[in-house]
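Thanks, everyone. Today I want to talk about disulfides. Please bring up the model.

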Amino acid sequence: MNKSLIGTDEAPYARQAIEYCRDKGAQIVIATAETCSYFNHPTQQKFLREIGIRDNDLQFCDECRGIKKNSCPKNCVLQNGSCRSVSDKNGSIKGPMIQKILSKFPEVDKDKVIFFDDLNANLQAAKNLGIKTQLASSNCNGYTCNKATGLTREEFKKGMSKVDHNPQICIFDIDHTLTSGSKYIQEINFDWMKFVSGIVLFLSICALFLLCI
């Protein structure tokens, strides 16, 4: 299992979802609120390559956060002395990203564009632009939580049904969409350790029983 820069594992259906979209001839796009310095880190890029993202796939990150205020680009806004990306009324920066994506494909059928994200605010921003959306990490109910499962097979199938299983553009968030939450991973590992410990204990008891016969 491949790990992202922050050490969380790939989501249960991340690799398969990307492969499915690619096999259907869809354009693959990454749209993340991660800062570009974080997103472009070699470890994060390695993770994306390992789950099927290619260098020629469209990739969008937060170009504003982390930039010094005296060099704030024109597509950013200055708030409280720091650069920030332009966001919509729901506080999402994904809307402008999706607008850029759609502008690159003016002939695309919006009903064939699907966006996967774990946050309700980002999904609403996409819906406002007329494209299809699907919630990932639905166990978190559209909010950030450390037990996020990441994109599952069931969630991906729901998303594909909305575009009649024939997507033209598949847009993926990263954190808690292509990855699973840290506590979710820890709990899986902990349960596995308890299972192994139980087996060892059982075998030990059996061995002692046989010795006493």
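Start with C145. This cysteine is partly exposed, at a relative accessible area of 23%. Keep in mind that this is a predicted model. What about its partner? C145 bonds to C140, with the sulfur atoms 1.8 Å apart. C140 is buried, at a relative accessible area of 8%. Now the torsion. About the S-S bond of C140 and C145 it is about -50 degrees, so this disulfide is left-handed.

Next, C64 and C76. They form a disulfide, S to S 1.9 Å. The torsion about their S-S bond is about -85 degrees, which makes the link left-handed. Where do the two cysteines sit? C64 is in the loop between β2 and β3, while C76 is in strand β3 itself, residues 76-79. So the bond ties together parts that are 12 residues apart in sequence. C64 and C76 are both buried.

Then C36 and C61. S to S is 2.0 Å here. The link is right-handed, with 100 degrees about the S-S bond. C36 belongs to helix α2, residues 36-39, and C61 to strand β2, residues 58-62. The pair therefore connects parts 25 residues apart in sequence. Buried or exposed? Both C36 and C61 are buried.

Now the whole set. How many disulfides does the structure hold? There are 5. Number the bonded cysteines in sequence order, and the pairing reads 1-10, 2-3, 4-6, 5-7, 8-9.

That's it from me.

Notes
Residues are numbered from 1 along each chain as its sequence is written. This is a predicted model: local features need pLDDT of at least 70, side-chain atom pairs count only at pLDDT 80 or more; totals for chains, interfaces and linings use all residues. Side-chain values use heavy atoms; hydrogens and water are left out. A disulfide is a pair of cysteine sulfur atoms within 2.5 Å. Helices (H or I, at least four residues) and strands (E, at least two) are DSSP runs, numbered from the N terminus. Buried means under 20% relative accessible area, exposed over 50%, partly exposed in between (1.4 Å probe, protein chains only).
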